[in-house]
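Biologist: Walk me through how to read a model like this one, feature by feature. Give me the general idea, then the case at hand.

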Amino acid sequence: AEGLRLAQQAVGMLSGELLASDTYATWACSERKVFLRDVVDACTRAAQNAHATHDFDAAVCMSRLAINYDSLAEDAWQHLMRALAASGCGSQAIRAYFDLRTAMVTDLGIEPGPVSTALYLEILCADSAPAVSHGGADRDGSDLNRRLSLLHQALEAITGVQLPKLEGPLAAMAVQVFARGLTV
């Protein structure tokens, strides 16, 4: 908690560009890059500390600040996704993954790393967990349809994957099996 407070205080003191009077000096450009990396690291660590103390609003704020300074800071995106998911905003966490993916593919031509992808799939699965009703499992197939839709969204995020149609014999069969209460 103290680390979070100090990081927030330090970040609050930032204003303007470092060494703005030496805009084109090579040494100043190098120093600005190092300083920017330090700011992003500090914000990311603060987000991690905030999450550890269950201050998810601060974790979201510090993660977003780090991302504002460096849109390719994958660790910051991961902390943002975790904080949003932990605060009950699973759909926003999923959207954050797609924003990370867009930034990485656009700027670097690569997909997010395995940690980010695994975190996305974990949040996606948690977000799609069925709501348990009085009678137990959802027997009308709507939960299965929702899960199929979420799987479709996940596949859309993978470059080069040809997407199957959600409507079709396999989906209809899965709904029928689920409706009968058989294990899928």
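Modeller: Let's start with helix α5, residues 90-108. Helices are DSSP runs of H or I with at least four residues, strands are E runs of at least two, and both are numbered from the N terminus. The expected span of a helix is 1.5 Å times one less than its number of residues. With 19 residues, α5 reaches 26 Å from its first C-alpha to its last, close to the 27 Å expected.

Biologist: What should I know about the ground rules first?

Modeller: This is a predicted model, in which local features need pLDDT of at least 70 and side-chain atom pairs count only at pLDDT 80 or more, while totals for chains, interfaces and linings use all residues. Residues are numbered from 1 along each chain as its sequence is written, and side-chain values use heavy atoms, leaving out hydrogens and water.

Biologist: What pLDDT does the chain average?

Modeller: pLDDT is the predictor's confidence in each residue, from 0 to 100. Here the chain averages 77, and 60% of the residues score at least 70. Over residues 130-138 it stays under 50, and the model has five contacts beyond four places in sequence for that stretch. A contact means heavy atoms within 4.5 Å.

Biologist: How many helices and strands are there?

Modeller: Eight helices and zero strands, so to speak a run of α-α-α-α-α-α-α-α along the sequence. Of the contacts in the chain with a separation of 6 or more, 53% join residues 24 or more positions apart.

Biologist: Which residues of α4 and α5 are buried?

Modeller: Buried means under 20% relative accessible area, exposed means over 50%, and partly exposed lies in between, with a 1.4 Å probe and protein chains only. An α-helix has 3.6 residues a turn, so residues three or four places apart point the same way. In α5 the buried ones include Ala-93, Tyr-97, Leu-100 and Met-104. In α4 they include Ala-76, Trp-77, Leu-80, Met-81 and Leu-84.

Biologist: Which residues have the most contacts inside the largest nonpolar core?

Modeller: A nonpolar core is a set of buried Ala, Val, Leu, Ile, Met, Phe, Trp, Tyr and Cys residues joined through side-chain atoms within 4.5 Å. The largest one has 33 residues, and Met-62, Leu-80, Met-81 and Tyr-120 have the most contacts inside it. The elements giving two or more residues to this core are α1 (2-12), α2, α3 (56-69), α4, α5 and α6 (114-127). Its largest share, seven residues, comes from α5. As for Leu-80, leaving aside neighbours within four places, it is in contact with Val-60, Ser-63, Arg-64, Ile-67 and Ala-96.

Biologist: Leu-100 was on your list; what does it contact?

Modeller: Leu-100 in α5 is buried at 0% relative accessible area. Beyond four places in sequence, Leu-100 is in contact with Glu-74, Trp-77, Pro-112 and Ser-116. The C-alpha of Leu-100 is 7.3 Å from that of Leu-72, 28 residues apart along the chain. Pro-112 sits in the loop between α5 and α6 and is buried at 8%. Its contacts, again beyond four places, include Glu-74, Tyr-97 and Thr-117.

Biologist: Where is Thr-44, and what does its side chain reach?

Modeller: Thr-44 is in α2 (residues 26-52) and is buried, at 11%. A polar contact is a pair of N or O atoms within 3.5 Å; within protein, one must be able to donate a hydrogen and the other to accept it, and residues adjacent in sequence count only if both atoms are side-chain atoms. The side chain of Thr-44 reaches the backbone oxygen of Val-40 at 2.8 Å. Not counting residues up to four places away, Thr-44 touches Ala-66, Asp-75, Ala-76 and His-79.

Biologist: Which residue other than glycine has a positive phi?

Modeller: Most residues other than glycine have a negative phi. His-54 has a phi near 65°, in the loop between α2 and α3, and is exposed at 60%.
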